[in-house]
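Please look over the structure shown here before reading on. The notes that follow group its side-chain contacts, its paired strands and its nonpolar cores by topic.

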Amino acid sequence: LSIITVTNAISIWNSNFTVQAAFFVLTGAVILISDINSWKLWYIIIGTIFVCFGFMWRMQGALLTIPFIGLDIIFRIIKNRENKQKIKRITITLILPVVCTVILIATQYATQNQEKFSAALEYSAYRSAVEDFPVKSWDELSGNLDNVSETEYKAATSWVLIDTDNINSGLLEEIADKGQVNAYPFNVYGAFQALNKMFHFIITYRAWTFILGAIIFCCFIIILLDKRDIMQIIEAGLMLLGGAIILLYFTLKGRAVNHIWIAVALSILFFIVMLAIRKIQTVFFVNAHKLFYGIIVAICIFGLVFHLTRTEWHLPELAVNSREDNIPEKLERVYNNDDLYIWGNWHKNITQTYMEMGKLPTKEFMLHNIPAGDWTYGQPYFNELLINIDAENPALALLERKHTYYVDDDCSFVLQYLREHYGIDIKAEQVGIINNVPVWQFSR
């Protein structure tokens, strides 16, 4: 019950793929670990399915959980090193999920390295390096870049990828290779700066910070109450230390974003709760588990109420009905056959609108609206979409394709970019408004 409440409180179904992948793998790991004593085949199969599903969902998120799963397994082996039967059970339980995961990783690696996917993956890797991680400023880089102008640099680093002819893998690679930096230096001073950043992140009082942090703290206190089982205290301590080191690393790199924090916190939570439950069942008085569960549920309920007061909440939608009643009034409009709107702030104006509804856009909407920059750029299916809507290069489409518009609060940078690359005589005119966001049309 507590885990379900926690996942509701951190909006697991509307969360980032990294969090979802970690959640699936951890769920599978808990099922597999719980099977060590009962040794039921269907437990192993279900647990393996969850683990594999997590790796298929997002491998990076799944990999974040592996240090914690590995640590728990190591301590189980150490504790039962003289019990050959128990060691055998642990080994047999792990064979199927390990083999399936290795096959899955190898298959995915082989698939991604096929020629038809290599260009898209290369583009995605360099785009991520430039846009998701810190890079040097233009003033620091300008003397080292051979084939990149200032407007191209600004476009690449600010998610304006519409000029697919120029903002390509080669340009992104050059910026990444010569400009990628860490947020903080990998030294003692940098570590103190990063720890200060982490501290401020924790005390921002997000709902998940309170819920996961409070549960982890309570469980750790319970584990500390029994000094006789030093191994369990060490395991819990290493869980916390390992999580802190992982988060410190990502903070130093400048990539300790919200979903990384949640994935690591969930990993600690899953295992430290199991340690606390084992402690209660073997050491404390008979009704201690009821008190423990009561405290955990109380924390979750308080955090959930706190979360609901700060955000709009809806019941999770299933894929089968995610396209029903999914036309938000503020975006509803009648499209001509070839109308195309290129949104400069897609996530704020489009993604957030639909996520608040728990819905997916209609097919018609997606045929007439595209982002000016997103992780979809450079990917085969998106390239095919651009060809089908006659906008293979969206920047040129703004100038040459009829009924093509740019939607953003300000079009000055895009206008500057277009003038630099496609003609100084290009003009911009506001021709409408959608949900209080101006609609611009370019001409020359």
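## Briefing on the predicted model

E150 and K154 form a salt bridge, their closest N and O atoms being 3.3 Å apart, where a salt bridge is a side-chain nitrogen of Lys or Arg within 4 Å of a carboxyl oxygen of Asp or Glu. This is a predicted model, in which local features need pLDDT of at least 70 and side-chain atom pairs count only at pLDDT 80 or more, while totals for chains, interfaces and linings use all residues. Residues are numbered from 1 along each chain as its sequence is written, and side-chain values use heavy atoms, with hydrogens and water left out.

**Salt bridges**

- The structure holds eight salt bridges, and in the one between E150 and K154 the two residues stand four apart in helix α9, so about one helical turn separates them; helices (H or I, at least four residues) and strands (E, at least two) are DSSP runs, numbered from the N terminus.
- E150 is partly exposed at 36% relative accessible area, and K154 is partly exposed at 37%, on a scale where buried means under 20%, exposed over 50% and partly exposed in between (1.4 Å probe, protein chains only).
- Another salt bridge joins E235 to K79, with the closest N and O atoms 3.6 Å apart; because E235 belongs to helix α13 (residues 230-253) and K79 to helix α5 (residues 66-79), the pair ties together parts that are 156 residues apart in sequence.
- Within that pair, E235 is buried, with a relative accessible area of 1%, whereas K79 is partly exposed, with a value of 34%.
- K178 and D146 also form a salt bridge, in which the closest N and O atoms are 3.3 Å apart; K178 lies in helix α10 (residues 169-179) and D146 in the loop between α8 (138-141) and α9 (150-157), so this pair ties together parts that are 32 residues apart in sequence.
- K178 is partly exposed, at 29% relative accessible area, while D146 is exposed, at 61%, and a network of salt bridges links D146, E174 and K178.

**Aromatic rings**

- Rings of Phe, Tyr and Trp (its six-membered ring) pair if their centres lie within 6.5 Å, and planes under 30 degrees apart count as stacked, over 60 as edge-to-face and the rest as tilted; by this rule the count comes to 17 aromatic pairs.
- The rings of F17 and W57 have centres 5.9 Å apart and planes at 90°, so this pair is edge-to-face; since F17 is in helix α2 (residues 17-38) and W57 in helix α3 (residues 41-57), the pair ties together parts that are 40 residues apart in sequence.
- In the pair of W138 and Y153, the ring centres are 5.6 Å apart and the planes are at 45°, so the pair is tilted; W138 lies in helix α8 and Y153 in helix α9, so parts that are 15 residues apart in sequence are tied together.
- W138 counts as buried at 16% relative accessibility, and Y153 is buried, with a relative accessible area of 7%.
- The charged end of R255 sits over the ring of F133, 5.9 Å from its centre, which applies when NZ of Lys or CZ of Arg is within 6 Å of the ring centre and within 35 degrees of the ring normal.

- Strands β4 (residues 427-434) and β5 (residues 437-443) pair in the antiparallel sense over seven bridges, pairing being assigned if DSSP finds at least two bridges between two strands.
- I434 has V437 in β5 as its bridge partner, and in the hairpin, which has two residues between the strands, N435 takes a positive phi near 50°.
- Helix α20 (residues 412-422) has F413, V414, L415, Y417, L418 and Y422 as its buried residues, and these pack against α9, α19 (394-400), β3 (404-407), β4 and β5.
- G423, which follows α20, has a positive phi near 135°.

**Nonpolar cores**

- A nonpolar core is a set of buried Ala, Val, Leu, Ile, Met, Phe, Trp, Tyr and Cys residues joined through side-chain atoms within 4.5 Å; of the 66 residues in the largest one, I215, L266 and F271 touch the most other members.
- Helix α14 (residues 258-282) gives the most to this core, with 17 residues, and a second, separate core of 44 residues includes A156, A176, I342 and A391.

Conventions. Contact = heavy atoms within 4.5 Å.
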